[in-house]
Amino acid sequence: MQIKVKVRDIPVPGLGIKTPMTAEELGLTGEGIKYLTPLTLDIHVERAGDELIVDGKAEGRYEFSCARCLTAVIRDRRDEFQIFVDIDPETEIVDVGEEVRQEMVIRLSPIILCREDCQGICPGCGANLNEDLCRCRG
């Protein structure tokens, strides 16, 4: 994924970039989440001496399987992040795409649940304990 910024084109108040990007374009496939809509990226880049400050937001809708009961769940996602990129006087173009992708991956919880009190699946009979009684306990 590429989000290229021409350093000399950044005005004093900063540069705004708003664009839709698919999960494939962002390199977010294979994380156990299916993105149902393109993610809307809203990025603001400011120059501060020898670095760029990138404030960003990403919004979209996704589907995942609950880590406990495996039920499909659809949720809206909104991530906010801030990235600092060192530059020198010769820097002409900075690609912040990989940094944005990494921020999105970091914000994915390794355990996503359908709800906080999800009871999961019985390992004996396979019943979804949110919906059914365990058939192991006779």
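This briefing covers the fold, the surface and a handful of residues of one protein chain. The model is predicted: local features need pLDDT of at least 70, side-chain atom pairs count only at pLDDT 80 or more, and totals for chains, interfaces and linings use all residues. Residues are numbered from 1 along each chain as its sequence is written, and side-chain values use heavy atoms, with hydrogens and water left out. The chain has 2 helices and 7 strands. Its radius of gyration is 20 Å, well over the 14 Å that the globule rule gives for 138 residues, so the chain is more spread out than a compact globule.

**Overall shape and fold**

- From the N terminus on, the order of elements is β-β-α-β-β-β-β-β-α.
- Helices (H or I, at least four residues) and strands (E, at least two) are DSSP runs, numbered from the N terminus.
- The radius of gyration is taken over C-alpha atoms, and the globule rule is 2.2 Å times the number of residues to the power 0.38.
- Along the principal axes, the C-alpha atoms fill a box of roughly 75 × 25 × 25 Å.
- Contact means heavy atoms within 4.5 Å.
- Take the contacts between residues at least 6 apart in sequence: 56% of them join residues at least 24 apart.

**Surface and charge**

- Of the 138 residues, 35% count as buried.
- Buried means under 20% relative accessible area, exposed means over 50%, and partly exposed is in between (1.4 Å probe, protein chains only).
- The chain exposes about 8600 Å², and carbon and sulfur atoms supply 47% of that area.
- Accessible areas come from the Shrake-Rupley method with a 1.4 Å probe; for residues, only the protein chains shown count as cover.
- The chain carries 17 positive and 26 negative charges, and their mean positions are 8 Å apart.
- Lys and Arg count as positive, Asp and Glu as negative; His and the chain ends are not counted.
- Each charge is placed at NZ of Lys, CZ of Arg, CG of Asp or CD of Glu.

**Helix 2 and its packing**

- Helix 2 spans residues 97–106, and its buried residues are Gly 97, Val 100, Glu 103 and Met 104.
- Seen down the helix axis, these buried residues fall within an arc of 125°, so they line one face of helix 2.
- The arc is that of the directions from the helix axis to the C-beta atoms.
- An α-helix has 3.6 residues a turn, so residues three or four places apart point the same way.
- The partners of this buried set are strand 4 (39–48), strand 5 (51–65), strand 6 (72–86) and strand 7 (93–95).
- Glu 103 is buried, with a relative accessible area of 17%.
- Beyond its neighbours within four places in sequence, Glu 103 is in contact with Phe 81 and Ile 83.
- Arg 101 is also found in helix 2, but Arg 101 is partly exposed, at 22% relative accessible area.
- Arg 101 and Glu 25 are 76 residues apart along the chain, and their C-alpha atoms are separated by 9.6 Å.

- Ile 87 is buried, with a relative accessible area of 8%.
- Pro 89 is exposed, with a relative accessible area of 74%.
- Not counting residues up to four places away in sequence, Ile 87 touches Val 7, Arg 47, Gly 49, Asp 50, Glu 51, Leu 52 and Val 94.
- Ile 87 and Ala 48 are 39 residues apart in sequence, yet 9.7 Å apart in space, C-alpha to C-alpha.
- Pro 89 and Gly 49 are 40 residues apart along the chain, with 9.6 Å between their C-alpha atoms.

- Leu 70 sits in the loop between strand 5 and strand 6.
- Leu 70 is not a glycine, yet has a positive phi of about 65°.
- Leu 70 is exposed, with a relative accessible area of 57%.
- Lys 4 lies in strand 1, which covers residues 4–6.
- Lys 4 counts as exposed, at 53% relative accessibility.
- Leaving aside neighbours within four places in sequence, Lys 4 is in contact with Ile 93, Val 94 and Asp 95.
- Lys 4 and Gln 119 are 115 residues apart along the chain, and their C-alpha atoms are separated by 45 Å.
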